[in-house]
Amino acid sequence: MRLIRTIVVTAVLACIVCGSAPATLSWSKIFCKFYKIKSGSKLKEAKCAVCHTKSIGTSDLNSYGKQLEKLKVDGDSLKTIEGKDADKDGATNIEEIKSDTLPGDPKSKPKQK
Ligand SMILES: [Ca+2]
């Protein structure tokens, strides 16, 4: 009985580790490559916080992360939601990314023109 429980727990942990974590890392890589995010920029510094509510150690997605959640992990998916305003701060996701502000954080938005 104990052995079965150990096997089940190990399998579940393996799914969690192999399933979600690398997907998140892939998004981060694809995002930086697709938008040519430069080192030292706010978006680069934000790391996981571009899509998550905290920068490290959470699976909680912010509004931008939620828009990407169900989409395929590739650049086309990023393009699909460029015209949306994930955090409802009046700037579209692409406007935010071009202005180096966070598309999933309403407190971070491009300066008014
Ligand atoms: Ca926005």
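User: What is the overall fold pattern along the sequence?

Analyst: Reading along the sequence gives α-α-α-α-α. The chain has 5 helices and 0 strands.

User: How do you know how far to trust the model, and where is confidence lowest and highest?

Analyst: The mean pLDDT of the chain is 85, and 78% of the residues score at least 70. Confidence is lowest in α1, with a mean of 67, and highest in α5, at 98. Where pLDDT is low, the predicted coordinates should not be read in detail.

User: Why is Ala86 called buried?

Analyst: The cut-off for buried is 20 or more other C-beta atoms within 10 Å. Ala86 has 23 such neighbours, so Ala86 counts as buried. Ala86 is placed in the loop between α4 and α5.

User: What does Ala86 contact, leaving aside its neighbours within four places in sequence?

Analyst: Ala86 is in contact with Ser63, Tyr64, Gln67, Asn93, Pro103 and Gly104, leaving aside neighbours within four places in sequence. Pro103 is 17 residues from Ala86 along the chain, yet their C-alpha atoms are separated by 6.2 Å.

User: Is Gln67 buried or exposed, and how do you know?

Analyst: Gln67 has 22 C-beta neighbours inside 10 Å. Buried needs 20 or more. Therefore Gln67 counts as buried. Gln67 is part of helix α3, residues 63-69. Not counting residues up to four places away in sequence, Gln67 touches Ile81, Lys84 and Ala86. Gln67 and Gly104 lie 37 residues apart in sequence, with 9.5 Å from C-alpha to C-alpha.

User: Why is Lys33 called exposed?

Analyst: Lys33 has 10, so the label is exposed. Lys33 belongs to helix α1. From Lys33 to Gly75 the C-alpha separation is 8.9 Å, across 42 residues in sequence.

User: What makes the phi of Lys36 and of Lys88 worth a remark?

Analyst: Most residues other than glycine have a negative phi. Lys36 is not a glycine, but its phi is positive, about 50°. Lys88 is not a glycine either, and its phi is positive at about 55°. Lys36 is in the loop between α1 (2-34) and α2 (42-46). Lys88 is in the loop between α4 (75-80) and α5 (93-98).

User: How do you know whether Lys36 and Lys88 are buried or exposed?

Analyst: Count the other C-beta atoms within 10 Å. Lys36 has 7, so Lys36 is exposed. Lys88 has 9, so Lys88 is exposed. The limit for that label is 12 or fewer.

User: Which residues make up the largest nonpolar core?

Analyst: The largest nonpolar core has 10 residues in all: Trp27, Leu43, Ala49, Val50, Cys51, Tyr64, Leu68, Ala86, Ile97 and Leu102. In soluble globular proteins, nonpolar side chains tend to be buried together. Leu68 touches Trp27, Cys51, Ser77 and Ile81, not counting residues up to four places away in sequence.

User: How much of the chain is buried, and what share of contacts join residues at least 24 apart?

Analyst: Buried residues are 21% of the 113 residues in the chain. Among contacts between residues at least 6 apart in sequence, 30% join residues at least 24 apart.

How values were computed:
Residues numbered from 1 in each chain as written. Predicted model: local features only at pLDDT ≥ 70, side-chain atom pairs only at ≥ 80, totals over all residues. Helix = DSSP H or I, 4+ residues; strand = E, 2+ residues; numbered from the N terminus. Contact = placed C-beta atoms within 7 Å. Core = buried A, V, L, I, M, F, W, Y, C linked by C-beta atoms within 7 Å. pLDDT = per-residue confidence, 0-100.
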